[in-house]
Amino acid sequence: PTVYLDGLYLPQGEARVPVLDRGFIFGDGVYEVLPVYAGEPFRLAQHLERLERSLRLTAMANPHGREGWERVIREVVRRNGGGDQSVYLQVTRGAARRDHAFPDDTPPTALVMSSPLTPPSAEDLARGAEVISRPDPRWLHCDIKTTSLLPNVLLRQEALEADADEVILVRDGVVTEAATANLFLVRDGRLLTPQQGPHLLPGITRDLVLELAADQGIPAGEAALDRTDLAAADEIWLTSSTREVRPVTRLDGRPVGTGEAGPLWRRLHTAYQACKD
Ligand code: PDD
């Protein structure tokens, strides 16, 4: 595949970043992941807006304006054959002598790459995910999409070793999100998701699901949720750009609701598929 690195389009195996890059040394970078369906970046404006926000909150320079990013993303997608892809975009504070303080006049490092995306089949989705819950070990700025992902990496590995797909995170008794996705639950026909704030990522798929629910006349909104709410939920879903809307059928070894993907999930899944076109 072709990647974009600092102004050049290169074969992925030839793209190199200096060892002093602060992304490598400190995890001093931010990123985005966005789906491309039939060659068309999905919700591009929202992803670029969130990127700008992550850069602003970390006082990092933006190497491209919106149009510049769009041009690069479309070129990488085109060179990699169009169709369905997952685009990964990363900006770091650049390469400089190792010092925690910001470097002077160091240009940021910009990377865009993509890989084939196989959207989950309806059957795979309907089978549902098995998840575990854990205390949230992360910092207090989980609304920034940073490349410093060590806690998320450790959580995902813990999930796999427990034969689970994902980890739902609980901070001071409050449910926030999962290690790589946002979270929704259904109770008595209402769709609920944890309140946006510093403890969770403002997910692009989360916003889309709230929009689709409004279109469908499904009552939906934010709420403070705890473990009791999870245990009493009729349905639980996870949302992310690469895994769309995924029903959770087992939580901590117990079935969620009936233990099968629920009727409201089916409606939202159908609505999501329709808006890809
Ligand atoms: N992760 N919360 C966390 C911690 C995430 O890492 C992600 C996405 C989400 C969902 O956000 P969105 O709907 O905007 O994709 C929520 C991406 C896909 C990743 O790190 O690969």
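How many nonpolar, polar and charged residues make up the shell around the ligand? By class, the shell has four nonpolar, eight polar and two charged residues; here Ala, Val, Leu, Ile, Met, Phe, Trp, Tyr, Cys and Pro count as nonpolar, Asp, Glu, Lys and Arg as charged, and the others, Gly among them, as polar.

Before we walk on, two notes on reading the model. Residues are numbered from 1 along each chain as its sequence is written. This is a predicted model, in which local features need pLDDT of at least 70 and side-chain atom pairs count only at pLDDT 80 or more, while totals for chains, interfaces and linings use all residues.

Let us stay with the ligand for a moment. It is surrounded by 14 residues, and the closest are Leu201, Gly203, Ile204, Thr205 and Ser241; a residue is near a molecule if its C-beta atom, placed from the backbone, lies within 6 Å of it. Helix α6 and strand β13 (235–240) each supply at least two residues of this shell. Helices (H or I, at least four residues) and strands (E, at least two) are DSSP runs, numbered from the N terminus. The largest share of the shell, three residues, comes from α6.

At 1.5 Å a residue, the twelve residues of α6 should span 16 Å, and its end C-alpha atoms are 17 Å apart, which agrees; the expected span is 1.5 Å times one less than the number of residues. Buried residues of α6 are Ile204, Thr205, Arg206, Leu208, Val209, Leu212 and Ala213. A residue is buried if 20 or more other C-beta atoms lie within 10 Å of its own, exposed if 12 or fewer, and partly exposed in between, with C-beta atoms placed from the backbone. Just after α6, Gly217 takes a positive phi of about 70 degrees.

Now look at the partner of α6. Two packed helices are described by the angle between their axes and the distance between the axes. Helix α6 (residues 204–215) packs against helix α8 (residues 263–275) at an angle of about 105 degrees, with the axes 10 Å apart. Axes are lines fitted to C-alpha atoms, for helices over the stretch in contact, and angles run from 0 to 180 degrees between N-to-C directions. The two helices are therefore roughly perpendicular to each other, a term for angles of 65 to 115 degrees. On the α6 side, Val209, Leu212, Ala213 and Asp215 meet Leu268, Ala271 and Tyr272 of α8; two residues are in contact if their C-beta atoms, placed from the backbone, lie within 7 Å. By class, this contact has six nonpolar, no polar and one charged residues.

Leaving aside neighbours within four places in sequence, Arg50 is in contact with Glu32, Lys145, Pro202 and Ile204. Arg50 and Lys145 are 95 residues apart in sequence, yet 8.3 Å apart in space, C-alpha to C-alpha. Arg50 counts as buried because 22 C-beta neighbours lie inside 10 Å.

Arg43, in the loop between β4 (40–41) and α2 (44–57), has a positive phi of about 60 degrees although it is not a glycine. Asp105, in the loop between β5 (85–92) and β6 (109–116), has a positive phi near 55 degrees. Arg43 is partly exposed, with 17 other C-beta atoms within 10 Å, whereas Asp105 is exposed, with 6.

Technical notes:
Parallel < 35°, antiparallel > 145°, perpendicular 65-115°, else oblique.
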